[in-house]
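Subject: Structure handover

Hello,

Here is the structure for your files. My notes on it follow below.

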Amino acid sequence: MILMIRNVRINGEGEPADVLTVNGQIAQIGRKLENPFPHAEVIDGDGASAIPGYIDQHVHVTGGGGEGGFKYQVPGIRVSDIVSAGVTTLVGLLGTDGTTRSVENLVAKVKGLKEEGLTAYCLTGAYEYPSPTITGSVKKDIAFIDEVIGVKIAISDHRCSNISKRDLIRLASEARLGGVLANKPGIVHMHIGRGKKKLDDVFDILKTEDIPIQVFRPTHVGGIFDDAIRFANLGGYIDFTADPEGKKTAGQLVKAFSLAPKENITLSTDSNGSFPKWNEKKELIGMSAGKITNLHQVIRCLVQDYQIPLAEAIRVSTENVAKALKLYPRKGVLREGSDADLLLLDSDCRIDTVVAKGAVMMKNKKVLKKGVFEE
């Protein structure tokens, strides 16, 4: 599989260049490259910006939800939705519902997405503790199941299991050891609700235990902004959740850029997860669902509303995430030897073309790659 992309500006910077991809990897980047493969597919970028494919580390690939009854279960994600969002690598997970949905189902869905040509991983566990697993052990799931790179847990939320500090230490230790054995991130991806404790237990653990801060990965940190900034300045990664219009999250990111190390800040979508609305009595009063397209909407707002250079704006969804998940430099960057995952953006910063592992999945804003059962 050979693809030549001509006349693109890498990360929106510099003079137009060409990108040659061979067998799913970037073989060469340079100006006016010779094409030694006469039968290669050629795309004329016409001056478009070429950026790495997005990495979304929080996707409910099997669907989330469950609050309010079975009718509120969100459907699983479609391949075409992922492609149209410019996401070429994702991490699937479970949420509130680890009862009617299973880790087995999650791993199966992730394997299917890989068969469709995307790069996909997942997390064992769910909101509750003890964590649901396949092997009976978080450590073993991470060590022996290729797709599993960490564990999910919920803290500081009225729907969580209210895991104790002692058990959170044990969970983090298991995840870390599983990661060490399998050369994986071995992370504890933490849903942070609007509860009173916020990150208090994590800060206490960091004071008394030897677990590296990078094991703990708080997400939805827009609701605990001050704690998140403190955590990032201690060396941890903090993950913001993209809102539908992009403006609110973009504003939070810009503020965070000025207060914490930029390289420790990431962005994800919570796509296909439920977004319940609760009143003061914790009663359900409304429901919506996350969309994976929210990711690019935030990036676009950073560029157009806050004049953040494109090369800097995309890092929260490319380079930073790749480094956090031990995927860099295979993912998250456009350089020779990296995976051929890239997007072409038009002059209005909209996604025009999507390439995943060297395969053209979207071209001229038309999705070419759909799932087996999509119409």
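**Strand pairing at one end of the sheet**

Met-362 has Val-367 of E18 as its bridge partner. This is a predicted model, in which local features need pLDDT of at least 70 and side-chain atom pairs count only at pLDDT 80 or more, while totals for chains, interfaces and linings use all residues. Residues are numbered from 1 along each chain as its sequence is written, and side-chain values use heavy atoms, with hydrogens and water left out.

E17 and E18 run antiparallel and are joined by two bridges. Strands (E, at least two residues) and helices (H or I, at least four) are DSSP runs numbered from the N terminus; two strands pair if DSSP finds at least two bridges between them. The hairpin of E17 and E18 has two residues between the strands, and in this hairpin Asn-364 takes a positive phi near 55 degrees.

E16 (residues 351-356) also pairs with E17 (residues 359-363) in the antiparallel sense, over three bridges. Val-355 is opposite Val-360 of E17. Two residues separate the strands of the E16 and E17 hairpin, where Lys-357 has a positive phi near 50 degrees.

**The whole sheet**

These strands belong to an open, mixed sheet of eight, ordered E3-E2-E1-E4-E15-E16-E17-E18. E3 (25-30) and E18 (366-367) are at the edges with a single partner strand each, so one side of each has no neighbour in the sheet. E1 (residues 2-10) and E4 (residues 41-52) are paired in the parallel sense over seven bridges, and Met-4 has Val-42 in E4 as its bridge partner.

**Helix H2**

H2 (residues 103-115) has 13 residues. Its buried residues (under 20% relative accessible area, 1.4 Å probe, protein chains only) include Val-103, Leu-106, Val-107, Val-110 and Leu-113. Seen down the axis of H2, the buried residues fall within an arc of 120 degrees, so they line one face of the helix; the arc is that of the directions from the helix axis to the C-beta atoms. Just after H2, Gly-117 has a positive phi of about 105 degrees.

**Largest pocket**

E13 gives the largest share of the lining, five residues.

Regards

Conventions. The expected span of a helix is 1.5 Å times one less than its number of residues. Buried means under 20% relative accessible area, exposed over 50%, partly exposed in between (1.4 Å probe, protein chains only).
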